[in-house]
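This report describes selected local features of one protein chain. The sequence and structure are shown first, and the description follows.

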Amino acid sequence: MRILLLCSSFNGLTQRCWLELRRAGHDVAVELAVSERAMVEAAELAKPDLVICPFLKERVPEQLWRTHRTVIIHPGPPGDRGPSSLDWAILEAVPEWGVTALQAVEEMDAGPIWGYRTFAMPSGGSSGVPRKSALYNGPVADAAVELVAEVAVKAADASFSPEPLDYRSPEVRGRLRRAMRHGDREFSWEESTEEIVRRVRAADGAPGGRSQLCEVAVRVFDVYRGPELGGRPGEVAARREGAVLVNTGDGSVWVGHVRLEQEGAVKLPATLALGDRVASAPERPGYSEITYDRSDGVGVVSFDFYNGAMSTDQCRRLSSALRYAVAQDTKVLVVRGGEAFSNGIHLNVIEASRHPELEAWANINAINAVCREIVGCTGQLVVTSIGGNAGAGGVMMGLGADRVIIRDSVVLNPHYRTMGLFGSEYWTYVLPRRVGAEAARRLTRQALPVGAVEAVELGLADRMLGGSRLDFERRVLEYAERLAVDPGYDRLLAGRRQVREVDERRKPLDAFRAEELAEMSRDMFEDRREFRAARRAFVHKVRAEATPEHLVRLGELSGVSAPAGAGASHM
């Protein structure tokens, strides 16, 4: 079928839906909902058999839903309505949640139901509360992708008719919930740790919990339960790796990120956002973005950076951890990311810097050092465990290993073009050696997402595994343990060393790095590809004025004409 994906942004969920529908053989075009006119024109030109809205904040124009079958993917169980579904689900600690596919009608979220999925709410790890972004990118996205595939099948069945929403049905357990207001997100540090963690995580990653910290109004993100200290609530008791430890009514919480409530402020690591206000706080263990664990044969460097962004400081700490791990007597090194594997350099920290170009330059050199440790390790076999989405330099970082193992729900974006950068992280070496020069050019120029199945087919990854993230990480570790005791291990390691020596003689890694940085210096300091504007738009969430050029080409790939006025946007 000809399917039009209508979305507020081409986010991870929308990308997964596009990939799933394309693999099923459908012609799929994408249009950003920048205006009612753009939505209507896109449908008129694409002439789709079906319009699907996997992530849409705007109301579907009546002219569109009356003339085209339009299905909304709503992040709530049947009967749930309103724009703050996940926020309320977390705040009210519901045990079960769901996703519903429903037809667009005049009243929002009240249309006939095409299908639904339910799931148990995840625990959220040691803090016991799921983070909204993790909930959305995890079980909600998984259920939504399944539903989108189901909707496409049902749309092709002339006998199918969606079920009208009926609150008398036992399957309809949701209800209309109002939009969350500022007051719903406010909290006092005198509240319990449990209440604070739940309120912040219900608003993470946007718009954040609202409170006062160090006598300034802030939005709070990225919180974890801390120890019971007994200090004055709201007082910053300690700091570590960019986070601050804040006393609560019955304990403490680690606050990883903060945004000051002032014009132009951006979300930053808490110590950076608060600056001199917390400079005298003592360092204290108990919070770490990077850990190292080992058995007899396998060492594991785990890192979990908020939203996958890696600042200069974080890269330097990760490089140090990798150097330590490489020096150990283990046989296999597993490099394991977190909820997001990595999205490369930290654009928020760069944008907030007094000298953004200098910070960008320091950041790219620091992440290059991380990649060099992975590519240059010849004393152990290296496995990268990609259990979360990755983009730009984060993808290239993972490709430096001997074995790349990817979770089946992961989306990779192996390109830099949409941010106005040539790219570094040794991509001109690691990408062509895995997929070939022609595919490398296509991936970086088209700037399109790659799903896990396609990643294995292309050679970006060696193996795909399913299961929850914890199940995935366990299976990767089991794989690494088997690799460490493989009878052919010595031969495999000798092969890695030989390949690296041959490649180094042919063209040293330093030469790849120098050539990439020469291009990056022009992008960062001369701004030849509008990196400055693209970065600013990304950081400040500037609304696109038109569907970006690389997304317009999705329609061209499917034989759909581009809407009038569509073209390059801020990205």
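## Basis of the description

Contact means heavy atoms within 4.5 Å. Helices (H or I, at least four residues) and strands (E, at least two) are DSSP runs, numbered from the N terminus.

The model is predicted: local features need pLDDT of at least 70, side-chain atom pairs count only at pLDDT 80 or more, and totals for chains, interfaces and linings use all residues. Residues are numbered from 1 along each chain as its sequence is written, and side-chain values use heavy atoms, with hydrogens and water left out.

## Helix H19

Helix H19 spans residues 531-539, and its buried residues are Phe-531, Ala-534, Arg-535, Ala-537 and Val-539. Here, buried means under 20% relative accessible area, with exposed over 50% and partly exposed in between (1.4 Å probe, protein chains only). The cover over these buried residues includes helix H10 (347-352), helix H11 (356-376) and helix H18 (509-526). After H19 comes Lys-541, which has a positive phi, near 55°.

## Helices H13 and H14

Two packed helices are described by the angle between their axes and the distance between the axes. For helix H13 (residues 427-435) and helix H14 (residues 437-446), the axes come within 7 Å and cross at roughly 120°. H13 is therefore oblique to H14. Axes are lines fitted to C-alpha atoms, for helices over the stretch in contact, and angles run from 0 to 180 degrees between N-to-C directions. Angles under 35 degrees count as roughly parallel, over 145 as roughly antiparallel, 65 to 115 as roughly perpendicular and the rest as oblique.

On the H13 side, Trp-427, Leu-431, Pro-432 and Val-435 meet Ala-437, Ala-439, Ala-440, Leu-443 and Thr-444 of H14.

## Gln-380

Gln-380 is located in the loop between H11 and strand S16 (381-386). Gln-380 counts as buried because its relative accessibility is 0%. Its side chain has a polar atom 3.0 Å from the backbone oxygen of Ala-325, and a polar contact of 2.9 Å links the side chains of Gln-380 and Thr-330. A polar contact is a pair of N or O atoms within 3.5 Å; within protein, one must be able to donate a hydrogen and the other to accept it, and residues adjacent in sequence count only if both atoms are side-chain atoms.

## Asp-503

Asp-503 belongs to helix H17 (residues 489-506) and counts as buried because its relative accessibility is 13%. Leaving aside neighbours within four places in sequence, Asp-503 is in contact with Tyr-429 and Pro-508. Asp-503 and Tyr-429 are 74 residues apart along the chain, with their C-alpha atoms separated by 9.4 Å.
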